[in-house]
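Subject: Structure handover

Hello,

Here is the structure I said I would pass on. My notes follow below it.

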Amino acid sequence: LPFIGLTLYVYREAHARAFTRITINGGNLDLRLPEQRSYVAQERVETSLPLSSIKAIDVRAESFRALGTTVLQYAYALVLNDSRRIVLGADRRFITPFFRDAASIISNQVQIPIRDLGLVDGTPGFLLVSGQTVPGWDAVPVAPETMQKRFKDEAASWRTVSLIVGAALAL
C-alpha cells in the first residue's frame, strides 16, 4: 500500500515516454510531446516544423527543494526563428537521458551548438506532485557557488532516499 503513489508516478513517467515522439523526417522535425515530460507540466505539442526554423537549442538545470531534499532536472528547449520556444522535456536522475540525446541529434543535424543557460531554482509546489513551477527561460541563473551547492544537496538527498528505501524494504 505505501508504494501506490510511487507506482502511479512511475506509470505517469512511462506513459509520457511511450507517447513522446521526436523524429527528423527529411528537412522537418516532427514533434509529439505530451504535457508530462518534466517535473513541471508543459504545453502539449504536436507539430512538424522545418529544421531551418530552429535558431537555438538551450539546456538548463532546474532545482527543486522541499522538505530538506533537493532534486534536479535538465530541461531542453528549441528556440525558433520567430522567437517561440518549444520545451522538448527534461531528463532526471536515474532515467535514461532521452531529451539530451534528442537535443544532441537535432544539434548535429542543424549544426547549432546546445547553449547551457546555467541553473535556476524552481518552486516545488506540493512535494513535486502538484503546482510545480520554474522561472521563464530568460531568468538569470543562480551564482556558480549556489549551483555547486544544489548539486551537492541533490547527491545528499538521493543518499538519504536510498537509505530510507533500503530500510523500508528490510522491514
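Among contacts in the protein between residues at least 6 apart in sequence, what percentage join residues at least 24 apart? The figure is 55%. Please keep in mind that this is a predicted model.

Overall layout: the protein has 3 helices and 7 strands. Read from the N terminus, the elements follow the order α-β-β-β-β-β-β-α-β-α.

Dimensions: along the principal axes, the C-alpha atoms fill a box of roughly 55 × 35 × 25 Å. The radius of gyration is 17 Å, which agrees with a compact globule, because a globule with 171 residues would have a value near 16 Å.

Surface and interior: of the 171 residues, 36% are buried. The accessible surface comes to about 9900 Å², and carbon and sulfur atoms account for 60% of that surface.

One surface feature is worth a look. Phe3, Leu6, Val10, Val161, Val165 and Leu169 make a nonpolar surface patch of about 520 Å². At least two residues of the patch come from helix 1 (4-18), and at least two from helix 3 (144-170). Helix 3 gives the largest share, 3 residues.

Val165, one of the patch residues, lies in helix 3. Is Val165 buried or partly exposed? Val165 is partly exposed, because its relative accessible area is 36%, and buried would mean under 20%.

Regards

Technical notes
Residues numbered from 1 in each chain as written. Predicted model: local features only at pLDDT ≥ 70, side-chain atom pairs only at ≥ 80, totals over all residues. Heavy atoms only, no water. Patch = residues over 30% accessible without salt bridge, like charges linked within 9 Å, V, L, I, M, F, W, Y side chains within 5 Å. Areas by Shrake-Rupley, 256 points an atom, 1.4 Å probe, with all protein chains shown as cover. Salt bridge = Lys/Arg side-chain N within 4 Å of Asp/Glu carboxyl O. Helix = DSSP H or I, 4+ residues; strand = E, 2+ residues; numbered from the N terminus. Buried < 20%, exposed > 50% of the residue type's maximum accessible area, 1.4 Å probe, protein only. Rg over C-alpha atoms; globule rule 2.2 N^0.38 Å. Contact = heavy atoms within 4.5 Å.
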